[in-house]
Amino acid sequence: MALRPFTLLLCSSALALAASNSTLPTFHKNVQPILQNHCQECHRPGEAAPMSFMTYKDARPWAKAIREAVLIGKMPPWPADPHYGKFSNTRTLSPDEINTLVSWADSGAREGDPAEAPAPVEFTNGWGIHKPDAVFEMPEEFAVPASGTIDYQYIVIPSGFTEDRWIQEAEARPGNRQLVHHIIAFIRPPGSKWLQDAKPGVPFVQVKDKEAGHKRHKREEGDMPPELLVGFAPGLPPATLRAGQAKLVKAGSDFVLQMHYTANGKAGVDRSRVGVVFAKEPPKERIYTVAASNDKFVIPPGEGNQEVESEVTLQEPAKLVDMMPHMHLRGKDFVYTAYYPTGESETLLRVPHYDFSWQLFYYLADQKVLPAGTRILCVAHFDNSPNNPANPDSTKEVRWGDQSWEEMMIGWFDIAITPGKDPMDLFKKKEPAKAGA
């Protein structure tokens, strides 16, 4: 009889422990849905992330690292200031999701019952977009040396389109992620004189523009400029447009891959490609990519907060779809501001801590109609001081240049216009109406 209270105490403790364990998060029931929604896009075999989170076995060794990354806001990567703009592709976790991941790591990263796992997300093997309708690949491998500076390589790939095609999704895929820093896939319309000396499939290096001091897209007056289709860069996701919106590739166009290779001490080869998904019906709006760039800046040695501006004024109304700031290793922050013809202004996007490793498109949740006369001003700051741990050399003056140890300042943004509209009309200044006309 004397043992009975002790026995009851043990039973009560066991029941309490069982109840406590039942409330602790497990991988399959609580963690896996979060990883599917926010992480597996990159954290899966063949993608940019260095480890996979597709299974419990994959994720369990990284439990403490996941805990730290979500607590400090490093992951998922989303450097935009939440006070400005609302975006459809926001990657931030909710407080409850963060608490779940932290609690899971702190309580032993338990697996739980596999029967409670959500249905697996279906990804297209080798692609971040849906299964491509067409793939355009470099005809031959490009040999990258172990050392030295490699000029941008331009590779022309004929589309073979005999009729105009509308692109709903597009993705540039490097053949060798260790050597490819970035890819920009351009659409070269038929009749364009840009890169007219380049032979299809043969890597081509542009002649240096001595006046500007860097390689540029040279074109004669009246020549249609190339249009950006999609890019690959550190952290940049594929391009997926809304239903009813698409990019135009005219019949007879070429795709031009601008390839930026970086030697890493080990020679290798690359054979990159671009996949596209066609719109299933004629779009209501054409998407066109605009670049507000400044290539005339000079950043003095040791300067920790050099300001650089660029701007574009729209001469006709257009709908703003998204934005993507671009700088290199000295990039510090970037802000887009719209100045309206009414005299009002609005901050569209603020990236207070620019990260060269995460170059993102920010898609507006509510696309914004910009009236004629709207000026998009981009203001960026660069840190060329010794306090910047990513700075290649704080003792050197820095100007615009192709290589990562040089700098760029581009405020990319996409606009939506009616399908039959000439995008160039948006930038042509209107002649004032003559009196009596």
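In the predicted model, 2 cavities of 30 Å³ or more are counted, a cavity being a set of points on a 1 Å grid over the protein atoms alone where a 1.4 Å probe fits but cannot get out. Residues are numbered from 1 along each chain as its sequence is written. Because the model is predicted, local features need pLDDT of at least 70 and side-chain atom pairs count only at pLDDT 80 or more, whereas totals for chains, interfaces and linings use all residues.

The largest cavity holds about 80 Å³ of space, a volume being the space filled by probe spheres set on the grid points, which are joined across faces, edges and corners. Its lining, defined by residues with an atom within 4 Å of a point, comprises 14 residues, of which Leu-228, Leu-229, Ala-239, Phe-361 and Asp-414 lie nearest the centre of the cavity. By class, this lining of the largest cavity has 10 nonpolar, 2 polar and 2 charged residues, where Ala, Val, Leu, Ile, Met, Phe, Trp, Tyr, Cys and Pro count as nonpolar, Asp, Glu, Lys and Arg as charged, and the others, Gly among them, as polar. Strand 6 gives the most to the lining of the largest cavity, with 4 residues; strands (E, at least two residues) and helices (H or I, at least four) are DSSP runs numbered from the N terminus.

The second largest cavity has a volume of about 50 Å³, and among the residues that line this cavity are Ile-167, Glu-169, Leu-229, Ala-239 and Lys-247. Strand 4 (165-173) and strand 7 (239-240) each supply at least two residues of this lining, with strand 4 giving the most, at 4 residues.

Strand 5 (residues 180-188) is joined to strand 6 by 5 bridges, and Ile-183 has Phe-232 of strand 6 as its bridge partner.

Elsewhere, helix 4 (residues 63-71) packs against helix 5 (residues 95-106) at an angle of about 150°, with the axes 9 Å apart; axes are lines fitted to C-alpha atoms, for helices over the stretch in contact, and angles run from 0 to 180 degrees between N-to-C directions. Helix 4 is therefore roughly antiparallel to helix 5, a description that applies to angles over 145 degrees.

Note on methods. Heavy atoms only, no water. Pairing = 2+ DSSP bridges. 1 Å grid on protein atoms, 1.4 Å probe; cavity = no way out; pocket = protein on both sides within 12 Å on 5 of 7 lines; lining within 4 Å. Parallel < 35°, antiparallel > 145°, perpendicular 65-115°, else oblique.
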